[in-house]
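Please look through the model below before reading my comments. Keep it open while you work down the points.

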Amino acid sequence: MQTEKLFKRLNDSLTSLLSDGSGSFFCDCGNPLCSETIELTTEDLQLLHSLAGYFAILPGYEIPDTEQIVPARPQFSIVKKH
Ligand SMILES: [Zn+2]
């Protein structure tokens with residue numbers, strides 16, 4: 001859980017740096033060694049992070065045992081932590 005919180009903070013910082021409304025954000029998956037990035041708009045990210053327990057990850061990086069997958073866009077998936 002700490003990893004996701006860290007990446008969430010990093011992404012939130014990135015959001016404030018971006019001015020064109022879209023960009024690359026760190027994958028929020030549960031792998032602490034993962035440094036993949038995902039493409040999504042700042043608006044999408046902010047909406048997602050306003051919902052408790054939801055994270056944006058690279059498709060295929062889900063952990064089905066602990067996460068419910070919500071298919072989103074080809075570029076990323078959304079998971080809800082149980
Ligand atoms: Zn990842």
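The numbered points below go from the whole chain down to single residues.

1. **What kind of model this is.** This is a predicted model, in which local features need pLDDT of at least 70, side-chain atom pairs count only at pLDDT 80 or more, and totals for chains, interfaces and linings use all residues. Residues are numbered from 1 along each chain as its sequence is written.

2. **Confidence.** pLDDT is the predictor's confidence in each residue, from 0 to 100. The protein chain has a mean pLDDT of 86. In 90% of its residues the value reaches 70 or more. Helix 1 has the lowest confidence, with a mean of 80. Strand 3 (residues 54-57) has the highest, at 92. Where pLDDT is low, predicted coordinates should not be read in detail.

3. **Elements.** The protein chain holds two helices and five strands. Helices (H or I, at least four residues) and strands (E, at least two) are DSSP runs, numbered from the N terminus. Read from the N terminus, the order is α-β-β-α-β-β-β.

4. **Overall size.** Along the principal axes, the C-alpha atoms of the protein chain fill a box of roughly 35 × 25 × 20 Å. The radius of gyration is 12 Å, which agrees with the value near 12 Å for a compact globule of 82 residues. That radius is taken over C-alpha atoms, and the globule rule is 2.2 Å times the number of residues to the power 0.38.

5. Three strands form an open sheet in the order 3-5-4, with antiparallel pairing. Strand 3 and strand 4 stand at the edges with a single partner strand each, so one side of each has no neighbour in the sheet. Neighbouring strands here are turned by 30 degrees against each other on average, direction ignored. The axes are lines fitted to C-alpha atoms, for helices over the stretch in contact, and angles run from 0 to 180 degrees between N-to-C directions.

6. **Pairing in detail.** Two strands pair if DSSP finds at least two bridges between them. Strand 4 (residues 67-73) and strand 5 (residues 76-81) are antiparallel, over six bridges. They form a hairpin, with two residues between them. Strand 3 and strand 5 also run antiparallel, joined by four bridges. Which residue of strand 5 is the bridge partner of Gln68? It is Lys80. Tyr54 has Lys80 as its bridge partner too. Pro71 stands opposite Ser77 in strand 5.

7. A residue is buried if 20 or more other C-beta atoms lie within 10 Å of its own, exposed if 12 or fewer, and partly exposed in between; C-beta atoms are placed from the backbone. Buried residues make up 22% of the 82 residues. A nonpolar core is a set of buried Ala, Val, Leu, Ile, Met, Phe, Trp, Tyr and Cys residues joined through C-beta atoms within 7 Å. The largest one has 13 residues. Among those with the most contacts inside it are Phe25, Ile38, Leu45 and Phe76. Strand 2 (37-41), helix 2 (42-49), strand 3 and strand 5 each supply at least two residues of this core.

8. **Phe25.** Phe25 sits in strand 1 (residues 22-26). Why is Phe25 counted as buried? Because Phe25 has 25 C-beta neighbours inside 10 Å. Two residues are in contact if their C-beta atoms, placed from the backbone, lie within 7 Å. Leaving out residues up to four places away in sequence, Phe25 touches Asn11, Leu14, Thr37, Ile38, Leu40, Leu45 and Ala56.

9. **Asn11.** Asn11 lies in helix 1 (residues 2-17). Asn11 counts as buried because it has 25 C-beta neighbours inside 10 Å. Beyond neighbours within four places in sequence, Asn11 is in contact with Phe25, Phe26 and Leu45. Asn11 and Ser77 are 66 residues apart in sequence, and their C-alpha atoms are 16 Å apart in space.
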